[in-house]
Amino acid sequence: MITKAYKNKRGLLLFAFSLFSLLTFSQTVSSFYQPGVTSEGAVYFLPKTAIAVTVTVEKTTYTPGDLCQYAERFLRIKDVSPTPSVGYRITTIRQEAIALPDTTKRYAVKFDAKTAATNIRLSDDGILLGINTDSTPHAANPTSISAHTAFNIPQSAKLNPRQFMNEETLAAGSTAKMAELTAQDIYEIRESRNLLVRGQADNMPKDGEQLRLMLNQLDLQDRALTSLFSGTYDRDTLQQQFIIVPTEDASREVLFRFSQKLGIVDSDDLAGVPYYINIENLNTLPESEPIDPKKKLKPVYGIFVNIPGRLRSTVSDGRGLSISEEFPAGQFGHTELLSGALFNKRYTTHLILNPLSGAIEQLDAELPK
């Protein structure tokens, strides 16, 4: 089964718990969090892996030109449609792993005066990143685009073809006459460009830069006037992101549907072709022993970390397209307890966890001087 989730970030960064106690035996105490268990410590989560599927779509809007009905007659351009239209196509599908707090792996850690675990670093979501370290682990989450939110790539301002028309053309008494005069201007522009390229123009530019500017201006006029016959195509780039939280194997679950006329539509909208997602637990770790729910949990001493498994995520359209990626997944692995003895005053232990998987990236001890 997979679920869709959307992230809401809140600031959560805890530093330097140097708390005093009268206890004679000092340990870093970590336990399953229950409200009111402790008021002198930190609550942290271990991460689980979610899959962010980002779909990039190109939207093309066709607008017929004012002289489209004369395109074949004067410019020999065939099959010019007089009807506006909008079309969509998928350009890329990208998968990335992001970390979400695993609420089933929520722990409280309490310190006393003799503990060396005095600096806890948490992510904005409360995921444990490290202890006694100022290092910043690599980012757990890529820059996200909220689902059902699209953005456009900025485009240059549209040309107004009429600014390139001469007075005679603008004063034409009929559309047919305007089309005829505009076509004559287009052919004259093309002839001037050919003469410049061949070096046969009466007033040749003095250097290459001036020639380039002249050719660019002629090309601009040609495109603008020709668009009155052929129409214009405006292209926008849209992105939409889907966040999937795998909990078990899943086969051919509909992620979204896509229509060439409507773009991305809801997964239950039959106007679009379905795109599926498959989730496979690769079972890279042996199964752990089940915990007896009736057994009373006792406080334990130390810090919990993930021993993550791996998953494979595949997005396909059912017709040959298939995009597959493998990612570490804390929810398909186990947790391991680092002994509280690592964090006593005999030496300072530095712990850095992978922010995506919750696995140990670095663990070392600094001996006292």
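Predicted model: local features only at pLDDT ≥ 70, side-chain atom pairs only at ≥ 80, totals over all residues.

Reader: Then why is E58 called buried?

Author: E58 has a relative accessibility of 18%, and the cut-off for buried is under 20%, so the label holds.

Reader: And what makes R89 partly exposed?

Author: R89 comes out at 45%. That value falls between 20% and 50%, so R89 counts as partly exposed.

Reader: How do you know that R89 and E58 form a salt bridge?

Author: The closest N and O atoms of R89 and E58 are 2.9 Å apart. The limit is 4 Å between a side-chain nitrogen of Lys or Arg and a carboxyl oxygen of Asp or Glu, so the pair qualifies. It also links distant parts of the chain: R89 sits in strand β4 (residues 85-110) and E58 in strand β3 (residues 41-63), 31 residues apart.

Reader: How many salt bridges turn up in the whole structure?

Author: The search finds 13. Another of them pairs E96 with R94, with 3.4 Å between the closest N and O atoms. Both ends are partly exposed, E96 at 23% and R94 at 38%.

Reader: What makes E326 and R310 a salt bridge that ties parts of the chain together?

Author: Their side chains meet at 3.7 Å, N to O, and the limit is 4 Å, so they pass. E326 belongs to strand β12 (residues 322-339) and R310 to strand β11 (residues 300-316), so the bridge ties together parts that are 16 residues apart in sequence. E326 is partly exposed at 37%, and R310 is partly exposed at 31%. There's a network too: R190, R193, D219 and D222 are joined by salt bridges that share partners.

Reader: On to α3. How do you know that its length agrees with what a helix should span?

Author: Helix α3 (residues 175-198) has 24 residues, and at 1.5 Å a residue it should span 34 Å. Its end C-alpha atoms are 35 Å apart, which agrees.

Reader: Which residues of α3 are buried, and what covers them?

Author: Among the buried ones are M178, L181, I186, I189 and L196; D185 is buried as well. The cover includes α1 (71-75), α2 (167-170) and α4 (208-230). Just after α3, G199 takes a positive phi of about 75°.

Reader: Why is the sheet with β5 and β14 called open?

Author: The sheet has 4 strands in the order β5-β6-β13-β14, with antiparallel pairing. β5 (120-122) and β14 (360-366) stand at the edges with a single partner strand each, so one side of each has no neighbour in the sheet. Neighbouring strands here are turned by 15° against each other on average, direction ignored.

Reader: What makes β13 and β14 a pair?

Author: Pairing needs at least two bridges, and 6 bridges join β13 (residues 348-353) to β14, so they count as paired. The two strands run antiparallel. For instance, T348 has E366 as its bridge partner in β14, and L351 has L363.

Reader: How many residues lie between the two strands of that hairpin?

Author: There are 6 residues between β13 and β14, and in the turn G358 has a positive phi of about 80°.

Conventions
Residues numbered from 1 in each chain as written. Heavy atoms only, no water. Buried < 20%, exposed > 50% of the residue type's maximum accessible area, 1.4 Å probe, protein only. Expected span 1.5 Å × (residues − 1). Contact = heavy atoms within 4.5 Å. Axes fitted to C-alpha atoms, helices over the stretch in contact; angles between N-to-C directions.
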